[in-house]
Amino acid sequence: MEAIAIKELSKLYPTRDGSVHALEQISFSVSEGEFVAVIGPSGCGKSTLLKVLAGILRPSKGEARLRGTPITGPRRDIGVVFQSPVLLPWRSVLDNVLLPIDVQRLGRDRHLKLAMDLLSLVGLEGFERRYPWELSGGMQQRVAITRALIHDPAMLLMDEPFGALDAMTREQMNLELQRVWLDRKKTVLFITHSIAEAVFLADRVLVLTPRPGRLMEDVQVKIPRPRALEIMNFPEFGAYVHSIRARFNAKGVVDA
Amino acid sequence: MKSMRDIALTILLFCASVLAWEGIVRILEVPTFIFPAPSKVAAALWNGFASGLYQKHLSHTLLETLLGFLLGSALGFFLGAAVALNRYVEYFFYPYIVMFQSLPKVALAPLIVVWFGLGLKSQVVNAALVAFFPLLVNTMVGLKSADEDRVNLMRSLAASDSQIFWMLRLPNALPFVMAGLDVAMIFALIGAIVAEFVGARAGLGMLIQSMNFNMDVSGQFSVLLILSIVGLLLNRCILLIRRRILFWDPAEKERLDQERIAL
């Protein structure tokens with residue numbers, strides 16, 4: 001069964017002068033356990049796509065199915081990581097991680113150990129009693145990732161989760177995300193505007209055109225895992241990045 | 001942080017100004033019924049408390065203020081929440097709220113005395129009326145100010161509207177509510193005193209009024225001193241609660257730092 005199946009999905013935003021096409025007739029599917037990156041220039045509807053999948057936004061046309069069932073609203077078998085950590089400042093790190101458990105009434109006690117295990121998996125052991133404002137940006141985003149994993153969702157939706165971090169922290173986070181993914185075997189849809197990040201992390205890279213977002217290319221990345229940061233210097237890696245960027249140069253602009 | 005030297009300097013400056021006040025009043029022979037010397041004010045303060053007069057009126061004013069504060073802020077909070085959460089309530093009530101808010105509430109004091117009499121009730125109502133608006137407005141704004149990303153997060157977790165209210169909107173509104181309480185406390189004191197001016201059987205405001213008729217200016221000074229101390233203490237109480245509840249609020253931490261510098 002496919003984890004994500006999208007058929008001819010379109011999204012229009014009504015504005016004062018006509019409507020803006022954010023997504024146009026996108027079709028693709030993602031298999032169970034696959035890591036798929038979606039890349040495209042700013043304003044190509046990447047975030048719209050993620051919000052549709054998260055059930056926060058309704059598509060204008062077309063169909064989106066998660067694990068066989070059409071999306072009618074927010075669901076409990078997905079975890080979402082946003083561009084900013086979106087932590088609640090009045091909750092401690094542990095309480096932030098347990099937020100999905102509280103909302104879905106899954107029993108705090110039963111998930112306490114899992115929360116601690118996940119926190120140490122992302123390198124935040126001993127920080128559970130701290131508050132978000134006491135943590136750096138990278139640490140806050142790790143808390144957000146832990147929170148997305150706590151209710152053991154089958155699928156992770158990530159919307160440029162490392163976009164706000166500096167380059168060094170970002171590479172470190174990429175490594176850690178890969179480690180968590182290899183450990184937990186989730187289906188991941190990862191939105192980014194960095195070609196290098198997409199190639200480094202994903203099994204497949206979906207390339208979108210500038211507005212309206214259409215699917216331009218579907219690239220399989222056949223680099224063995226676990227991938228170390230050094231692979232970014234390999235000609236193989238360079239070739240993937242180069243071919244994707246070549247597609248953009250005709251169409252629009254993205255970061256390296 | 002304050003050093004020992006700063007503390008000593010502060011005390012010295014205070015003593016010097018009191019002495020200067022005393023000296024100037026004596027040298028220029030200013031009549032006591034115009035501007036009393038600090039020694040006269042201190043004597044009035046002593047006599048007032050020794051006779052038990054001040055305690056009686058002080059407790060009356062405190063009771064009015066606290067009851068008015070509780071009543072006014074509770075009503076303000078609940079109506080503010082209703083306006084923020086329900087479009088229809090907002091649509092029908094908001095114009096009246098705006099209209100009523102631009103009215104100086106203390107101007108209603110004479111009417112309230114007509115309606116509720118000279119007893120405790122009329123002062124409590126007046127204090128509540130003045131304390132009501134800061135809570136109403138702040139609760140309204142606070143509940144509507146939840147960050148869109150946070151709302152999206154809660155939605156993505158399939159949270160119900162009531163869960164979004166209890167887990168996100170309400171805690172998010174607390175800094176606004178606490179700021180409203182801060183103002184409401186002082187406003188309640190003002191409301192109570194004004195109501196006592198207009199007509200009351202007891203209270204510090206009524207005491208000031210009657211001292212004024214008797215040209216007891218030292219007495220009035222001593223009561224003003226009590227009132228400013230009461231105001232300060234009430235404000236401190238709110239501040240302490242606020243710090244405990246809003247330990248996570250960045251604005252609160254900033255305020256704390258500023259106060260440290262100011263001290």
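At roughly what angle do the axes of helix α3 of chain B and α8(B) cross, and within how many Å do they come? Point 1 takes this up. Bear in mind throughout that this is a predicted model.

1. **Helices α3(B) and α8(B).** Helix α3 covers residues 53-85 of chain B. Its axis and that of α8(B) cross at roughly 140 degrees and come within 8 Å. That angle makes α3(B) oblique to α8(B). Only angles over 145 degrees would count as roughly antiparallel. The crossing of α3(B) past α8(B) is right-handed.

2. **Residues at that crossing.** From α3(B), the contact uses B:Thr61, B:Glu64, B:Thr65, B:Gly68, B:Phe69, B:Gly72, B:Ser73 and B:Phe77. From α8(B) come B:Val177, B:Leu181, B:Ala184, B:Met185, B:Ala188, B:Leu189, B:Gly191 and B:Ala192. By class, the residues of this contact are nine nonpolar, six polar and one charged.

3. **Helices α7(B) and α8(B).** Helix α8 of chain B, residues 161-198, also packs with helix α7 of chain B, residues 148-156. The angle here is about 135 degrees, and the axes lie 11 Å apart. α7(B) and α8(B) are therefore oblique to each other. α7(B) passes α8(B) in a crossing that is right-handed. On the α7(B) side, B:Arg150, B:Val151 and B:Met154 make the contact. On the α8(B) side, the residues are B:Gln163, B:Ile164, B:Met167 and B:Leu168. Five residues of the contact between α7(B) and α8(B) are nonpolar, one is polar and one is charged.

4. **Two domains in chain A.** Now turn to chain A. Domain 1 takes in 2-77 + 154-251, and domain 2 takes in 91-153. Their centres, taken over C-alpha atoms, are 24 Å apart. Between them, 15 residues of domain 1 of chain A are in contact with twelve residues of domain 2 of chain A.

5. **The domain 1 side.** Both β7 (155-159) and α6 (167-184) of chain A supply at least two residues to the side of domain 1 that touches domain 2. The largest share, six residues, comes from α6(A). That side of domain 1 of chain A has nine nonpolar, one polar and five charged residues.

6. **A sheet in chain A.** Trace four strands of chain A in the order β2-β1-β4-β5. They form an open sheet, and the pairing is antiparallel. Which strands sit at the edges? They are β2 (19-31) and β5 (69-70) of chain A, and each pairs on one side only. Strand β4 of chain A, residues 61-66, is joined to β5(A) by two bridges. Look for A:Arg65, which stands opposite A:Pro70 in β5(A).

7. **A helix across the sheet.** Helix α1 of chain A spans residues 46-54. α1 lies across β1 (2-14), β2 and β4 of chain A. α1 runs at about 120 degrees to β1(A).

Terms used:
Residues numbered from 1 in each chain as written. Chains lettered and ligands numbered in written order. Predicted model: local features only at pLDDT ≥ 70, side-chain atom pairs only at ≥ 80, totals over all residues. Axes fitted to C-alpha atoms, helices over the stretch in contact; angles between N-to-C directions. Parallel < 35°, antiparallel > 145°, perpendicular 65-115°, else oblique. Left-handed = near helix turned anticlockwise from the far one by under 90°. Contact = placed C-beta atoms within 7 Å. Nonpolar A, V, L, I, M, F, W, Y, C, P; charged D, E, K, R; others polar. Domains from an automatic or database assignment. Pairing = 2+ DSSP bridges.
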